[in-house]
Amino acid sequence: MQIAKQFGTLYMQQDVMEQQKLIEKHAARLGLPNLAVSYIRLAGTGPVTDGLLAGKLHFASGGAPGAMLLWDRTRGGVKSCFAMNATDQKLLTVRPELKSINDLAPTDRIALPAVKTSPQAVWLQMAAVQAFGAANWAKFDAQTVSRAHPDSMAQMLGRTEINCHWTSSPFQERELAAPGVQEVASSFRIMGLPSVTPNTIYGNAQFRESNPLAWQASLAAFQEATDFINKQPRQAAELYLLNSGDKDTVANVMAAMASPGNAFTLQAARPPESRRLHGRHRRLKRRPANLADLFFPEAAEMGGT
């Protein structure tokens with residue numbers, strides 16, 4: 001069984017699961033003692049989508065908008081299992097004159113995980129609608145470039161052609177600590193909400209039907225990892241650093257985990273706004289009626305909105 005993860009503390013559950021072999025543990029408890037599990041770290045929605053469509057991935061973590069597009073493209077063959085976290089993702093810049101979305105110039109270059117399909121891309125489109133009207137929802141799409149968060153951070157701080165980064169934890173905390181970096185916008189402010197789900201776990205429906213015990217073991221492992229992070233944040237930060245190769249300190253990682261708005265939870269909190277945006281601009285050929293369309297039934301046990 002292969003699982004894709006991405007960069008940053010938002011995917012810490014998978015680092016904990018890998019280090020503690022939680023899926024293997026729960027699989028053995030359910031009668032599958034020899035389940036082989038491997039994890040691969042990918043950057044952005046594109047590689048995750050390709051892996052799921054090719055049947056090479058059984059689970060993957062990524063942005064909720066990408067999960068909606070996959071649900072549509074596969075006619076429900078790929079759905080979200082549950083949320084992973086809630087976090088306030090921020091647009092940062094090193095250009096002093098750039099104070100708000102209204103100040104974006106044609107020469108600004110915005111790095112984000114995936115053009116048009118990442119949560120950050122959707123926040124930017126929503127901000128464009130709020131500032132310039134619905135007809136201008138794609139006003140800044142041509143100024144965005146797909147980059148993994150570590151590369152985006154390095155390029156923005158290095159004052160390259162990338163002068164903006166719509167980022168995420170723990171990178172946004174590190175960037176804001178650097179001289180000359182300032183916040184332009186954030187997902188919570190754009191949504192007008194105290195909590196937003198940017199990422200979900202994608203699952204393959206065929207795998208779920210053919211491998212019910214492995215599926216159950218995986219869901220139990222995600223729940224145990226989430227509980228572990230909330231109860232043992234220091235140990236979770238240590239496992240994250242060990243597994244990810246991130247060279248930061250435990251103290252800094254824990255500070256990023258505790259940033260206002262950050263939460264490790266499997267309960268979805270308002271991803272439907274990107275559902276409406278996708279539907280309004282015809283990226284979705286069919287619109288989901290509600291969250292139940294986009295999530296497997298087990299998500300209902302997690303709660304959420």
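The structure is a predicted model, in which local features need pLDDT of at least 70 and side-chain atom pairs count only at pLDDT 80 or more, while totals for chains, interfaces and linings use all residues. Residues are numbered from 1 along each chain as its sequence is written, and side-chain values use heavy atoms, with hydrogens and water left out.

Helices (H or I, at least four residues) and strands (E, at least two) are DSSP runs numbered from the N terminus. Two strands are taken to pair if DSSP finds at least two bridges between them. Five strands form an open sheet with mixed pairing, and their order is E2-E1-E3-E11-E4. Strand E2 (38-41) and E4 are the edge strands, each pairing on one side only. From one strand to the next, the twist averages 30 degrees; axes here are lines fitted to C-alpha atoms, for helices over the stretch in contact, and angles run from 0 to 180 degrees between N-to-C directions. E1 and E2 pair in the parallel sense, over four bridges. Ile3 stands opposite Tyr39 in E2.

Aromatic contacts were examined next. Rings of Phe, Tyr and Trp (its six-membered ring) pair if their centres lie within 6.5 Å; planes under 30 degrees apart count as stacked, over 60 as edge-to-face and the rest as tilted. The structure holds six aromatic pairs. One of them joins Phe59 and Phe207 in an edge-to-face arrangement, with 6.0 Å centre to centre and 80 degrees between the planes. This pair links distant parts of the chain, since Phe59 lies in strand E3 (residues 59-63) and Phe207 in helix H9 (residues 205-210), 148 residues apart. Burial is judged by relative accessible area: buried means under 20%, exposed over 50%, and partly exposed in between (1.4 Å probe, protein chains only). Phe59 counts as buried because its relative accessibility is 0%, and Phe207 counts as buried at 9%.

Phe82 and Phe222 also form an edge-to-face pair, at 5.3 Å centre to centre and with 65 degrees between the planes. Phe82 lies in strand E4 (residues 78-83) and Phe222 in helix H10 (residues 212-231), so this pair ties together parts that are 140 residues apart in sequence. Both Phe82 and Phe222 are buried. One aromatic cluster is formed by Phe59, Phe82, Phe207, Trp215, Phe222 and Phe296.

Helix H10 has 20 residues and reaches 29 Å from its first C-alpha to its last, close to the 28 Å expected at 1.5 Å a residue. The expected span is 1.5 Å times one less than the number of residues in the helix. The buried residues of H10 include Trp215, Leu219, Phe222, Phe228 and Ile229.

Charged side chains also meet aromatic rings. A charge sits over a ring if NZ of Lys or CZ of Arg is within 6 Å of the ring centre and within 35 degrees of the ring normal. Arg41 lies over the face of Phe7, at 5.9 Å from the ring centre, and Lys139 lies over the face of Phe132, at 4.8 Å from the ring centre.

A salt bridge is a side-chain nitrogen of Lys or Arg within 4 Å of a carboxyl oxygen of Asp or Glu. By this rule, the count comes to 13 salt bridges. In the salt bridge between Lys5 and Glu18, the closest N and O atoms are 2.5 Å apart. Lys5 belongs to strand E1 (residues 2-5) and Glu18 to helix H1 (residues 12-20), so the pair ties together parts that are 13 residues apart in sequence. Lys5 is buried, with a relative accessible area of 4%, whereas Glu18 counts as partly exposed at 27%. Lys5, Asp15, Glu18 and Arg41 are linked in a network of salt bridges.

Glu224 is partly exposed, with a relative accessible area of 26%, and Lys25 is partly exposed at 43%.
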